[in-house]
Amino acid sequence: MSKLAFVQKNKIPPSPAPISEVGIIGWLKQNLFSSWFNTLLTLLSIYFIFIILKDFIPWAWGGHWDTKSLRECLDLNPDVACFSVLTARWKQLLFGLYPAEEYWRPTVTFILLIFSIIPILFPKYFRFFWFSIIYPGLAIWLLWGGSIWGVGIVYIGFFLGVLLFVLLLRNITKNMVIAGISSILFVILFFIFFSNYFVNILNIIIPISLPPVESLKMGGFTLSLIVGITGIVASFPIGILLALGRQSNLPIIKMICVGFIEFIRGVPLITLLFVASVLLNYFLPPGTNFDIVLRVIIMVTLFSAAYMAEVIRGGLAGLPLGQHEASASLGLTYWQSQRLVIMPQALKISIPGIVNTFIGLFKDTTLVSIISLRDPVGLASTIRADQTWNGIYWELYVAIGLMFFVVCFGMSQYSQYLERKLKTDK
Amino acid sequence: MFNAVFSQIILVLLLIKIIFNLKGEIMRKSLFMVLSSILLIVGGQAAFSGGHSVTLDDVKARGNLLCGVSTGAPGFATIDDSGKDVGFDVDYCRALAAAIFGDPMAVKFVGLTSAVRFTALAAGEVDILARNTTWTYSRDTDLKQTFLGVNYYDGQGFMVKKDLGVNSTLELDGATVCIQVGTTTELNLADYFKENGMSYEPVPTADNAESQQQYLAGACDTYTTDASALHGTRVNLENPDDHLVLPEIISKEPLGPLVRHGDDNWADIGRWVLNALIIAEEKGITKANIDSWKDTKDAEIHRLLGTGDDDILAMVGLPKNAMYNAIKAGGNYGEIFENNLGATSGINIERGVNASWTKGGILYSPPFR
């Protein structure tokens with residue numbers, strides 16, 4: 001036996017990867033310079049980015065922040081940005097014409113908004129869902145002011161309705177329909193006959209109120225958020241119902257839903273906004289004060305609900321028929337199977353489309369400037385009409401664009417998080 | 001308003017019920033006649049009582065005037081850094097509010113875009129529209145509005161760079177012109193060049209902002225829009241002295257406040273507040289010296305300021321010192337012009353045709369008697 005046999009007893013430590021394959025250089029090589037074509041594209045992109053930034057960065061970086069007028073900016077140095085307009089007007093861009101001493105109200109409203117959507121966005125906080133239900137009323141009261149009982153009574157009315165429904169079911173009848181109809185009747189009667197009376201009493205006993213602020217004063221980014229978020233929140237459930245209705249076997253429901261969706265999708269949003277701002281006034285008796293912001297919110301909601309319905313229908317169509325049949329064979333009713341089997345899957349498939357619609361809707365809120373609401377874009381032209389700032393364009397639009405970007409990017413990031421989290425087919 | 005109509009309907013229904021419940025044909029007939037004649041008399045009184053304006057009643061009941069202004073027109077209406085409404089049209093509405101309530105702040109400004117302004121007025125969202133609106137035949141008649149007069153004679157002008165070496169629009173043959181599409185300015189431009197046998201090349205833009213950017217970038221030799229806007233734009237260019245607003249005005253754009261058809265008394269109020277401001281300038285009554293006219297021999301001034309014996313403002317349902325308050329609010333026409341469009345405002349528009357007729361302009365108010 002030759003002793004020449006050699007067995008390596010210990011492991012040779014791995015030598016470090018070649019410098020061209022790891023670290024920054026490796027990443028660069030892999031992602032930017034992997035072939036001559038990609039190298040060319042990279043160089044071209046760098047060139048274009050350079051061209052844009054070459055002018056933009058000195059322009060933005062050296063910008064004036066504390067001059068008193070555009071004239072003053074131009075006299076100092078005409079080649080840089082005049083952000084002084086933002087210094088002078090940022091409050092208007094954020095809050096519109098909302099009274100300055102009440103700025104805390106929209107601020108609190110939007111801070112609370114974050115708390116109210118956390119239970120919906122992150123399931124582990126779902127036990128705080130009660131706050132999400134209270135929030136809409138609270139927001140309305142904070143923003144528009146007046147007596148708290150004006151919105152409080154709505155909650156009281158519905159609470160009594162639900163209470164009645166539960167009591168009826170438990171003690172008197174087993175029939176859901178009878179209990180439901182009688183509690184709905186009760187709620188309607190309550191609002192018609194008793195609510196005013198109760199509001200008056202409550203106002204005397206516990207007078208809590210804020211100075212009222214009319215819709216005319218709302219504007220800026222606050223208005224975009226009010227219209228956008230209300231539209232988003234309200235259009236989602238309506239969209240689901242429309243999508244289900246469109247697939248329903250009941251012909252009348254199906255016809256109504258198809259008609260609604262096709263009609264709303266067939267007209268541009270701006271047409272609906274004109275209807276809200278102009279046409280409704282002709283139909284309503286003179287002197288009726290149907291709040292313009294409310295009118296716009298309704299139209300925006302209807303518009304986006306129609307799109308939402310089609311997005312969700314896409315999700316429904318993506319589910320194999322077997323899912324419906326399987327849930328039916330388990331003895332689930334229509335609503336149970338929708339709730340437990342169909343919707344969770346369909347909504348998951350539709351997440352990108354849903355968020356897409358939401359982002360689109362949020363950006364569409366800038367259209368309200370055409371019907372004279374003072375959203376940030378409308379305010380930009382108002383600000384330019386002041387001779388102090390007449391002729392300022394880029395600075396305002398950059399700022400407004402940035403505000404919208406933050407919100408839209410946030411929504412898109414959340415949707416990606418949600419998709420990752422709900423991914424079951426690993 | 002709605003309540004009044006409603007209660008009238010109820011009343012009539014009640015009457016009908018009473019009539020038909022009565023027994024006996026003759027009784028019924030005679031009662032019917034008596035009642036209907038009462039109704040006629042009441043109705044007739046309402047219709048013929050002079051100086052009664054429904055809109056004025058509404059405004060008084062509401063406690064403030066709803067004035068439709070532009071959401072942003074340089075010099076005419078905008079919001080300043082502190083959120084206050086300012087501008088030429090704004091000051092007119094303040095004067096009107098002061099005439100009605102004695103308080104120039106008793107007015108709510110509703111910003112209106114050009115797309116919704118007429119419908120907002122027609123639908124009653126505003127009581128008066130003072131929104132740099134051109135008085136034209138079809139707006140007056142077809143849109144069923146009443147223009148109260150002219151508060152600013154505007155017109156389409158041209159801006160050029162000085163180094164182009166042009167001093168008159170007649171030298172613009174063959175020029176490239178930045179023009180807002182779909183506006184009357186586009187039609188005026190075509191007519192003007194055709195009339196003068198000149199040619200031009202249009203560079204279409206969406207609005208004044210784009211026109212300005214295109215012009216500055218050199219996409220067109222000249223850009224055209226209302227002269228008041230050109231002046232406002234020019235002042236805030238990087239080097240205003242490099243640019244020139246040509247002297248020719250090629251169109252008539254008489255701007256003025258307007259109200260709905262159907263309430264002539266309301267129109268009278270608005271018209272005479274405007275006239276009062278113009279007369280005040282003519283007579284030299286200013287915000288500062290308004291209290292020093294008590295001993296003047298000029299009877300018209302006494303009638304205007306309510307310092308005389310006869311109270312002619314009662315004819316339109318205004319207090320005796322209404323015009324005093326209106327002038328006191330923001331000064332006379334000249335002062336309002338100066339503060340919003342003239343030298344004080346930084347826009348530096350010359351009075352030109354907008355001067356009083358006594359000073360070579362065409363502003364001319366009928367006498368206040």
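These exercises work through the cavity, the interface and the salt bridges of a predicted model.

**Exercise 1. The enclosed space**

Find how many cavities of 30 Å³ or more there are, and describe the lining of the largest cavity.

Solution. 
1. Start with the count. There is one cavity of 30 Å³ or more.
2. Take the volume. The largest cavity comes to about 40 Å³.
3. B:Phe88, B:Tyr92, B:Asn151, B:Leu274, B:Leu277, B:Tyr333 and B:Ile336 line the largest cavity.
4. Assign elements. In chain B, helix H4 (88–101), helix H10 (264–283) and helix H13 (333–340) each give at least two residues to this lining.
5. Sort by class. Six lining residues are nonpolar, one is polar and none is charged. Tyr counts as nonpolar here, so B:Tyr92 and B:Tyr333 of the lining fall in the nonpolar class.

**Exercise 2. The interface of chain A and chain B**

Work out how much area is buried between chain A and chain B, and which residues of chain A supply 20% of its share.

Solution. 
1. Count the contacts. On chain A, 33 residues are in contact with 38 residues of chain B.
2. Take the area. About 2900 Å² is buried between the two chains, and carbon and sulfur atoms give 50% of it.
3. A:Arg71, A:Gln387 and A:Tyr393 supply 20% of the area that chain A buries against chain B, more than any other three residues.
4. Count the polar links. Across the interface, 18 residue pairs are in polar contact, both partners at pLDDT 80 or more.
5. Helix H3 (70–76), helix H4 (84–95), helix H11 (269–283) and helix H15 (376–384) of chain A give two or more residues each. H11(A) has the largest share, five residues.
6. Sort that side by class. It divides into 17 nonpolar, 11 polar and five charged residues.

**Exercise 3. Salt bridges between and within chains**

Solution. 
1. Side chains of opposite charge can pair when their charged atoms come close.
2. Go to the interface. Two salt bridges join chain A and chain B.
3. A:Asp386 sits in the loop between H15 and helix H16 (394–421) of chain A, while A:Arg89 belongs to helix H4 of chain A. The two are 297 residues apart, so the pair links distant parts of the chain.

Key
Residues are numbered from 1 along each chain as its sequence is written. Chains are lettered from A and ligands numbered from 1 in the order in which they are written. This is a predicted model: local features need pLDDT of at least 70, side-chain atom pairs count only at pLDDT 80 or more; totals for chains, interfaces and linings use all residues. Side-chain values use heavy atoms; hydrogens and water are left out. On a 1 Å grid over the protein atoms alone, a cavity is a set of points where a 1.4 Å probe fits but cannot get out, and a pocket is an open set with protein on both sides within 12 Å along at least five of seven lines; lining residues have an atom within 4 Å of a point. Grid points are joined across faces, edges and corners, and a volume is the space filled by probe spheres set on the points. Helices (H or I, at least four residues) and strands (E, at least two) are DSSP runs, numbered from the N terminus. Contact means heavy atoms within 4.5 Å. Buried area is the accessible area (1.4 Å probe) that two parts lose on being put together, summed over both. A salt bridge is a side-chain nitrogen of Lys or Arg within 4 Å of a carboxyl oxygen of Asp or Glu. A polar contact is a pair of N or O atoms within 3.5 Å; within protein, one must be able to donate a hydrogen and the other to accept it, and residues adjacent in sequence count only if both atoms are side-chain atoms.
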